Amino acid sequence: MTDSSASAGAAASTGTAPSGGPGAGEPAGPRTVFLVAHTGRPAAIRSAELVVLGLLKSGIGVRVLAQEARDMPLPPEVELVGACTPEVLAGCELLIVLGGDGTLLRGAEFARGSGVPMLGVNLGRVGFLAEAERDDLDRVVDRVVRRAYEVEERMTLDVLVRTNGDVVHRDWALNEAAVQKVSAERMLEVVLEIDGRPVTGFGCDGIVCATPTGSTAYAFSAGGPVVWPEVEALLMVPISAHALFAKPLVTSPDSVLAVEVQTGTQHGVLWCDGRRTLELPAGARVEVRRGTVPVRLARLHHASFTDRLVAKFALPVSGWRGAPH
């Protein structure tokens with residue numbers, strides 16, 4: 001994930017590059033940052049106020065959705081926009097998102113559609129997409145003001161749904177596309193396919209197709225492997241499958257994964273990042289491939305993913321002595 005054009009995400013799962021600055025490719029004119037916050041949380045409102053005041057004091061303009069501004073005590077200098085579309089980020093150098101995983105995924109929709117890098121501040125429980133915690137707000141503002149951040153691109157998924165051979169829906173996901181059953185009392189009968197060849201079929205609660213970024217989200221909860229972000233791969237993870245062979249599968253990033261909902265079974269539902277949903281009739285086919293447009297994430301430091309994993313899940317590492325010197 002490099003700090004380059006959005007199309008570069010199709011060539012790499014992850015990579016970093018300096019964000020630049022005046023004299024290094026960045027414009028020296030007025031600067032604007034877009035802010036998204038979970039205004040249903042008092043902590044997010046307080047955090048948003050601190051970030052806004054810090055940026056304005058440093059001469060950086062702030063843009064906020066009008067519907068969110070109603071819940072926040074913001075100064076009049078803040079620019080308000082009404083539309084909830086990626087176009088409202090035009091002219092912004094950064095998207096700062098304050099909230100939990102759901103808010104960060106909402107911010108990712110803006111980031112992908114606009115190409116503007118997203119800097120997440122975690123106000124929830126885990127927040128693997130976040131680069132900072134609520135205690136880091138002063139540091140976040142300082143690094144943004146100094147342009148002391150790098151940008152990486154995260155692989156996404158392009159999702160296509162067919163019924164009777166016809167394409168009826170197109171979507172995308174940063175974490176995962178999940179095909180799930182609808183009724184609790186009946187399993188969903190599916191056949192899995194990779195690169196045009198059938199692999200296996202069974203009854204299950206669902207199937208998760210995920211990116212390395214999504215390996216620590218729904219796929220992780222379903223028993224899938226943790227995949228380091230720089231690994232280029234796609235994951236297919238069964239959920240509560242009634243079968244002897246129902247192991248998580250890790251494929252090439254250029255593979256095409258497909259889930260076919262069997263005819264004669266109950267209908268299913270497609271969830272993309274837990275935010276966008278589509279009913280799947282019996283006989284529907286969901287195809288998942290590497291996305292052509294990545295999500296760009298701003299990074300403040302070079303902490304290893306291993307350290308992030310240990311911190312987020314509070315893994316027990318006491319007693320570790322390290323390699324001998």
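**Salt bridges, aromatic pairs and cavities**

Glu193 and Arg285 are both buried, where buried denotes a relative accessible area under 20%, exposed over 50% and partly exposed in between (1.4 Å probe, protein chains only). The structure is a predicted model, in which local features need pLDDT of at least 70 and side-chain atom pairs count only at pLDDT 80 or more, whereas totals for chains, interfaces and linings use all residues. Residues are numbered from 1 along each chain as its sequence is written, and side-chain values use heavy atoms, with hydrogens and water left out.

Glu193 and Arg285 form a salt bridge in which the closest N and O atoms are 2.6 Å apart; the term requires a side-chain nitrogen of Lys or Arg within 4 Å of a carboxyl oxygen of Asp or Glu. Glu193 belongs to strand 12 (residues 188–194) and Arg285 to strand 20 (residues 285–290), so the pair ties together parts that are 92 residues apart in sequence. Helices (H or I, at least four residues) and strands (E, at least two) are DSSP runs, numbered from the N terminus. A network of salt bridges links Arg162, Glu193, Glu260, Arg285, Glu287 and Arg289. Over the whole structure, 23 salt bridges are found.

Another salt bridge joins the side chains of Glu93 and Arg31, at 2.8 Å from N to O. This pair links distant parts of the chain, 62 residues apart: Glu93 is in the loop between strand 4 (79–81) and strand 5 (94–99), and Arg31 in the loop between strand 1 (16–18) and strand 2 (32–37). Glu93 is buried at 15% relative accessible area, and Arg31 is buried at 14%. A salt bridge is also formed by Arg63 and Glu79 (3.1 Å, N to O). Arg63 lies in strand 3 (residues 61–65) and Glu79 in strand 4, so parts that are 16 residues apart in sequence are tied together. Arg63 is buried, with a relative accessible area of 9%, whereas Glu79 is partly exposed at 36%.

The model contains five aromatic pairs. Rings of Phe, Tyr and Trp (its six-membered ring) pair if their centres lie within 6.5 Å; planes under 30 degrees apart count as stacked, over 60 as edge-to-face and the rest as tilted. Phe220 and Phe313 are stacked, at 4.7 Å centre to centre and with 10° between the planes. Phe220 is in helix 5 (residues 218–221) and Phe313 in helix 6 (residues 305–313), so this pair ties together parts 93 residues apart in sequence. Phe220 is partly exposed at 35% relative accessibility, as is Phe313 at 26%. Trp228 and Phe305 form an edge-to-face pair, with 4.9 Å between centres and 70° between planes. Trp228, in the loop between helix 5 and strand 15 (234–239), is 77 residues apart from Phe305 in helix 6. Trp228 is partly exposed at 28%, whereas Phe305 is buried at 13%. Ring pairs link Phe128, Phe220, Trp228, Phe305 and Phe313 into a cluster.

Two cavities of 30 Å³ or more are present. A cavity is a set of points, on a 1 Å grid over the protein atoms alone, where a 1.4 Å probe fits but cannot get out; lining residues have an atom within 4 Å of a point. The largest cavity holds about 70 Å³ of space. Its lining includes Phe128, Arg154, Arg299, Phe305 and Arg308.

Technical notes: On a 1 Å grid over the protein atoms alone, a cavity is a set of points where a 1.4 Å probe fits but cannot get out, and a pocket is an open set with protein on both sides within 12 Å along at least five of seven lines; lining residues have an atom within 4 Å of a point. Grid points are joined across faces, edges and corners, and a volume is the space filled by probe spheres set on the points.
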